Amino acid sequence: MLGFSAIGFVLLIFFFLLREGLPTFFEVPPGNLFGTRWYPTFDLFGTMPLILGSALVTVTAIAIALPLGVATAVFVREVAPDWAREILKPMIEVLAGIPSVVLGFLGMTLVAPLLRKTLDAPTGLTALTGALILAYMALPTIISVAEDALDAVPKSYRDAGLAMGATQWQTIWRVVVPAARSGIVTALMLGMGRAIGETMAVMMVTGNAARMPLSLDSLFRPVRTMTATIAAEMGEVAQGSTHYHALFGIGVILFLLTFIINLAAASAIFKKRRRGGLR
Amino acid sequence: MNRHVVQRLGFVLLSLAALVVVVPILLVIGTVVVRGVGAIQWEFLSAMPRDGMKAGGIFPAIVGTLLLTLGTALAAIPVGVGGAIYLAEYARDTWLTRAIRLAIINLAGIPSVVYGLFGFGLFVLFLQFGTSILAGSLTLAIMTLPIIISTAEEALRAVPTEFRTVSASLGGTRWQGIRYIVLPQALPGIITGVILGLLRAAGETAPILFTVAAFYLPRLPQSLFDQTMALPYHLYVISTQVPGMPLQVQYGTALVLLALVVSMNVIATTIRSYFRRRRQW
């Protein structure tokens, strides 16, 4: 019976988000709700800047974390000597456990001033700062999932590659990594889900200005994400007000987004299970 | 270019990538330790905060985090391990089991702040627990559940089938086999998973924002229905909400939180590697 509780909880979470969030979609006309201005005090609930803010930070973070993560996974699984593996794996596990508020704090006190100086910008609290911190928060997920995928590639593939006269390097990139492709896509998905849902670190380092990140230099300016908006404003809002419902509405959007991302990741996992091997 | 030269260069590049991953982790830990260690005195760990949290200690935040972690453990372990036993030992591969697995993957991916909203909606408002340790612990417990279930299930599955067969051949019921043979063998793996889940809960801020955390409460909680301070939230508060906060107090708080979480991590990995080396199968 306890196993079923998992389904129960997912439904329960969705139900309670909808219960508090659904009214938004009746109280706020869609033109306002998907508008470009989020000023709750003036009854402007445009979620676009928040959605795009989340997207900008997440995509940048993944653009940093994916190559780095896959390269590290390949290094750990295929190349590294045993002693390096013994150091790397626990380190990555420690990184996964560092609370996001600690990373956010260091992002504020170390990374932001550094970026401000090097970029000569008015503030170091920018989308890029957030993306950098997020990249490191997504790395443990990406590395461990990608490593599992590489691990599942049969040894005979590698032997065959080497027997054809390919170097180890050629075998890795032309045989092993392509064979682990679907697992790496899963890693990408789960890393993205992790990045888009991250709250505290992002709230502390992105500057939280709800503006449309459309110009080219948006990356070097403050943005505000969906998660940060909920965390920052929920405490001050009157229960049952339109603003309150709007925050839950953002929660519904976040829930659905991560649901879709995870569903995609899960279907990749199930598919390879059914095929009876990790390909 | 000679392909062996390419390979040499490529391997150098890969190890550089690994360095880029690891060096910041060391920097993070190193900075927090170096800058925070000066704040760590007995008073800092055992006294109530004073002067708008600029002086005194962080005792109530430490106690709060320990209480929340304990509450999370009490709620999440029975459900999580029970669920894992069901999935590993009893469940057949039906659409329902697959739906459960899907639900677990999804639970693991739900943003922490959404857990906060949910906990606020269900525990604080609907069940009228108020912002309380009870509401916070339960919210954290649900967040921890997928980690505990999946690691515990993995530990149970790692126990060879022969153990179950032999138990059954000696006349044991299925439950006896699980209770006296499989569970003890899987216990180190389960404990590792539980600790890894709990350390996530101990470090989380977003789920406790609206369910339990108190901005400033210089006394210990009296009951399950009290608010409490907590280390992660306290670090957030003193680093963003209070102007003129001495940097050393901030780093000191970060160090205490980091030490708590990293030591849990080390304990978990030590248990795992110790028993992995010692197991007979």
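How many cavities of 30 Å³ or more does the count come to by this rule? Hi everyone, the count comes to 5. A word on the model: it is predicted, with local features needing pLDDT of at least 70 and side-chain atom pairs pLDDT 80 or more, while totals for chains, interfaces and linings use all residues. Residues are numbered from 1 along each chain as its sequence is written, chains are lettered from A and ligands numbered from 1 in the order written, and side-chain values use heavy atoms, without hydrogens and water.

By cavity I mean a set of points, on a 1 Å grid over the protein atoms alone, where a 1.4 Å probe fits but cannot get out; lining residues have an atom within 4 Å of a point. Volume is the space filled by probe spheres set on the points, which are joined across faces, edges and corners.

Let's visit the largest cavity, with about 100 Å³ of space. Its lining includes Ala96(A), Met137(A) and Arg194(A), along with Leu199(B), Arg200(B) and Glu204(B). Helix H4 (82–97) of chain A and helix H8 (174–203) of chain B each give two or more residues, and H8(B) gives the most, with 3. Helices here are DSSP runs (H or I, at least four residues), numbered from the N terminus.

Now the second largest cavity, at about 40 Å³. Among its lining residues are Thr65(B), Leu68(B), Thr69(B), Ala201(B) and Glu204(B). H3(B) gives the most here, with 3 residues; helix H3 (59–90) and H8 of chain B each supply at least two.

Thanks, everyone!

Methods:
1 Å grid on protein atoms, 1.4 Å probe; cavity = no way out; pocket = protein on both sides within 12 Å on 5 of 7 lines; lining within 4 Å.
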